[in-house]
Amino acid sequence: MTRSHPLDQGCPPAWASGWGEDKFGIFVEFTIAGAMQRMRWIGPGTFWMGSPEDEPERHLDEGPRHLETIEEGFWLADTPCTQAVWAAVMEENPSYFQDPDRPVEQVDWRGCQEFCRRLGEQTREPGWRLPTEVEWEFACRAGTEEATYAGPVDVLDPSNVSILNPIAWYMANSGADYDHNVAENLPWWPEIQVELAKGGTRRVKTKMPNAWGLYDTLGNVWEWCQDLWSRNYSESAGGFEKVVRGGSWLSRAQYVRAAFRHAEDPWMRRFSLGFRFARD
């Protein structure tokens, strides 16, 4: 897979205030009103989208599994949009779990579009947007084909899905050593221990990133995508619902998989629903 990037010619984007290369690859940064966001270059490539029929807890809308090609590379935020970045652009913060380093939540799809528009005005560079569903899954997988970028999920023991604990905040661990004065009851399931019965979002970058340097693609908050919902990959999209991906702090393990898909009304706001942004 080719992962060429715009810095090959020593030419960072006009909106970048910093750039470099580390073990994950190329990155650039920009700063708005003191809030900094790092963007990762996601190069072109081909991957298997969706889940194989034998993946545990697979849903029909995750198929048919098929090859997709990213023809052009794009920049993608290395974290869900934080409250600090949202507030710097929008001059308000709708989040329930208030903390500049936590993901912004309680934002609907239309609000994300307005954020991208205003970010374009403030950087004097239009073109900010939500990732497409294909781009989101390609970036989340980071060259892997298992249920998560760390490996398969063993849902037979949901009380201790060890593969998820290092990489994702989800229902079974989001209450562990919880560090906010606002907490919500987690839904009752056998996997929730009494001492972990309350939780919420967590600060970004507190779990391991994937191989391309992206944090929290699984868990913490669901992420809006640009696309209309389709019931499966063999049908055209219809209606008005939008795709969300990745699961959240409130999700069971089977939803915190790279292929899992969900639909939401574009005006829906939840304290488990945020986004990350992209640009070409």
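E137 is buried, its relative accessible area being 0%; buried here means under 20% relative accessible area, exposed means over 50%, and partly exposed lies in between (1.4 Å probe, protein chains only). The model is predicted, so local features need pLDDT of at least 70 and side-chain atom pairs count only at pLDDT 80 or more, while totals for chains, interfaces and linings use all residues. Residues are numbered from 1 along each chain as its sequence is written, and side-chain values use heavy atoms, with hydrogens and water left out.

## Salt bridges

The side chain of E137 meets that of R245 in a salt bridge, at 2.7 Å from N to O. A salt bridge is a side-chain nitrogen of Lys or Arg within 4 Å of a carboxyl oxygen of Asp or Glu. E137 lies in helix 3 and R245 in strand 10, so this pair ties together parts that are 108 residues apart in sequence. Helices (H or I, at least four residues) and strands (E, at least two) are DSSP runs, numbered from the N terminus. R245 also counts as buried, at 0% relative accessibility.

Salt bridges that share partners join D99, R102, D179, R202 and R203 into one network. By the rule given above, the count comes to 26 salt bridges.

| Salt bridge | N to O distance |
|---|---|
| E137 and R245 | 2.7 Å |
| D280 and R129 | 2.7 Å |
| D108 and R110 | 3.7 Å |

D280 and R129 meet in a salt bridge. D280 lies in the segment after strand 13 (278–279) and R129 in the loop between helix 2 and helix 3, so the pair ties together parts that are 151 residues apart in sequence. D280 counts as exposed at 58% relative accessibility, whereas R129 counts as buried at 17%. In the pair of D108 and R110, D108 is buried with a relative accessible area of 5%, and R110 is partly exposed with 46%.

## Strand 10 and its neighbours

Strand 10 pairs with strand 9 (residues 222–228) in the antiparallel sense over three bridges; two strands pair if DSSP finds at least two bridges between them. Across this pairing, E223 stands opposite R245. Strand 10 also runs antiparallel to strand 11, to which four bridges join it, and there V243 stands opposite A263.

A charge sits over a ring if NZ of Lys or CZ of Arg is within 6 Å of the ring centre and within 35 degrees of the ring normal. R202, a member of the salt-bridge network, lies over the face of W169 at 4.1 Å from the ring centre.

## Aromatic pairs

A search of the whole structure finds 22 aromatic pairs. Rings of Phe, Tyr and Trp (its six-membered ring) pair if their centres lie within 6.5 Å; planes under 30 degrees apart count as stacked, over 60 as edge-to-face and the rest as tilted.

F30 and W128 form a tilted pair, 5.1 Å from centre to centre with 55° between the planes. F30 lies in strand 2 (residues 25–32) and W128 in the loop between helix 2 (109–123) and helix 3 (133–141), so the pair ties together parts that are 98 residues apart in sequence. Both F30 and W128 are buried.

The ring centres of F97 and W249 lie 5.5 Å apart with the planes at 85°, so this pair is edge-to-face. F97 lies in the loop between helix 1 (83–90) and helix 2, and W249 in the loop between strand 10 (242–245) and strand 11 (261–264), so parts 152 residues apart in sequence are tied together. F97 and W249 are both buried.

One aromatic cluster is formed by W15, F30, W41, W75, W86, F115, W128, F275 and F277.

Helix 1 is mostly covered, with six of its eight residues buried. E91 follows helix 1 and has a positive phi, near 60°.

E29 has its place in strand 2 and counts as buried at 17% relative accessibility. Not counting residues up to four places away in sequence, E29 touches W15, A16, S17, G18, M36, Q37 and R38, where contact means heavy atoms within 4.5 Å.
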